[in-house]
Amino acid sequence: MGDVGIVKTQYYTFASPPRELVLECGERLGPITVAYETYGRLNPSGDNAILILHALTGSAHAAGRHREDDRKPGWWDPMVGPGRPLDTDRYFVICSNVLGGCYGTTGPSSPNPATGKPYGLDFPVITVRDMVRVQRVLLEALGVKRLVTAIGGSLGGMQALEWGVLYPELLSSLIVIAAPGRTSAMNIAFNTVQREAIYMDPAWQGGNYYGTPGPERGLALARMIGTITYKSDESWTFKFGRVMNGQPGDFFRLGSRFEVENYLYYQGRKLVERFDANCYLYLTKAMDLHDVSRGFSSYEEALSRIKCPCLVIGISSDILYPPYQVKEIADIINKTGGRAVYKELVSPYGHDAFLIEFTKLGGMVSEFLKAITAEKGGGIYAQRRLGGF
């Protein structure tokens, strides 16, 4: 097994006026630039592609390094490369930054062609469905005719589901990880508090903070809140327990900190260094609006459109998207005539497990893709294997 080596982020622009993209909200947006990376090669028939879909603060840089001296590779590097679960000797792997992002794809921090200044709050409200429609245009431009699978966790899993509902004819399979088919009230509550932290920072300036440091404290606090939801009680206890920073005499000082507090402040600072506050607002709002049944008569009708084999993975200790919300997707797909296998990733790491437990997750993904390949070859053995890989 090996990595993909040095990679380069590429860009594709479309929807220039007067052919702007009409968003779900009814507004028109264009031109739209999409940042993306590819690994491996597309075959002549254009049907060996895998689409990776990233989570909230992710980017198109899923694997490899941009420079030899990069400290870290892409965010899902252990999953992508020769001999790895998403095997680049076999597959043409694509990852693009989502619409509304701040890593090269058009979003609130991008220049508004009407003013030459960043969109800020003039950027229209977007949805997960809008993100997927943009990805569809990118794949057409790259010559992709059919996907082996669309795979993602969290916000990426939401996108994968929308792919299954919007473009079932283009998918040979689907892999949804730690994501619901519709965002729950509790999830909306978590996101609301995070957005409020940004709004209440005076430096946010109604979204017109570009050219200044911006709402650093508000964005950091939002990330701290979000980070709490990404872990589990077990993982917090194992990693930090009740260890306190400082000297014994500091114990009864109001400003003294437990190590878990230091970790949260650290995570907040890290995000401020790399992410845009307005993008955080828009993307969490898109997650709140996520509901694959919008535009259909029911949740069941929407999921019934997914006819390709599906692997649905929940995480045992996930408090953000508990396993029952994820398992429900597989249950409904099976009840409405589709084929879904539910697997549970047993891990103490909470929601973050899909970014940590690469050996366990990679094994599930590899076995599923092998089963899909065997089924494509036909035969009773292949059909049995898909149901119980």
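## The open sheet

In this predicted model, eight strands form an open sheet of mixed pairing, in the order β1-β4-β6-β5-β7-β8-β9-β10; strands are DSSP runs of E with at least two residues, numbered from the N terminus, and two of them pair if DSSP finds at least two bridges between them. Because β1 (10–14) and β10 (339–345) stand at the edges with a single partner strand each, one side of each is left without a neighbour in the sheet. Neighbouring strands are turned against each other by 20° on average, direction ignored, where axes are lines fitted to C-alpha atoms, for helices over the stretch in contact, and angles run from 0 to 180 degrees between N-to-C directions.

Within this sheet, β5 (residues 49–53) and β6 (residues 92–96) pair in the parallel sense over four bridges, and alanine 49 stands opposite phenylalanine 92 in β6.

## Helices on the sheet

Helix α1 (residues 128–142) lies across β1, β4 (32–39), β5, β6 and β7 (147–153), running at about 60° to β4; helices are DSSP runs of H or I with at least four residues. Helix α9 (residues 323–335) packs on the sheet and touches β9 (309–315) and β10, its direction making about 160° with that of β10, and contact here means heavy atoms within 4.5 Å.

## Glutamate 196

Glutamate 196, which lies in helix α3 (residues 185–199), counts as partly exposed at 37% relative accessibility, a class between buried (under 20% relative accessible area) and exposed (over 50%), with a 1.4 Å probe and protein chains only. The C-alpha atoms of glutamate 196 and glycine 218, 22 residues apart along the chain, are separated by 8.2 Å.

## Basis of the values

Residues are numbered from 1 along each chain as its sequence is written, and side-chain values use heavy atoms, leaving out hydrogens and water. Local features need pLDDT of at least 70 and side-chain atom pairs count only at pLDDT 80 or more, while totals for chains, interfaces and linings use all residues.
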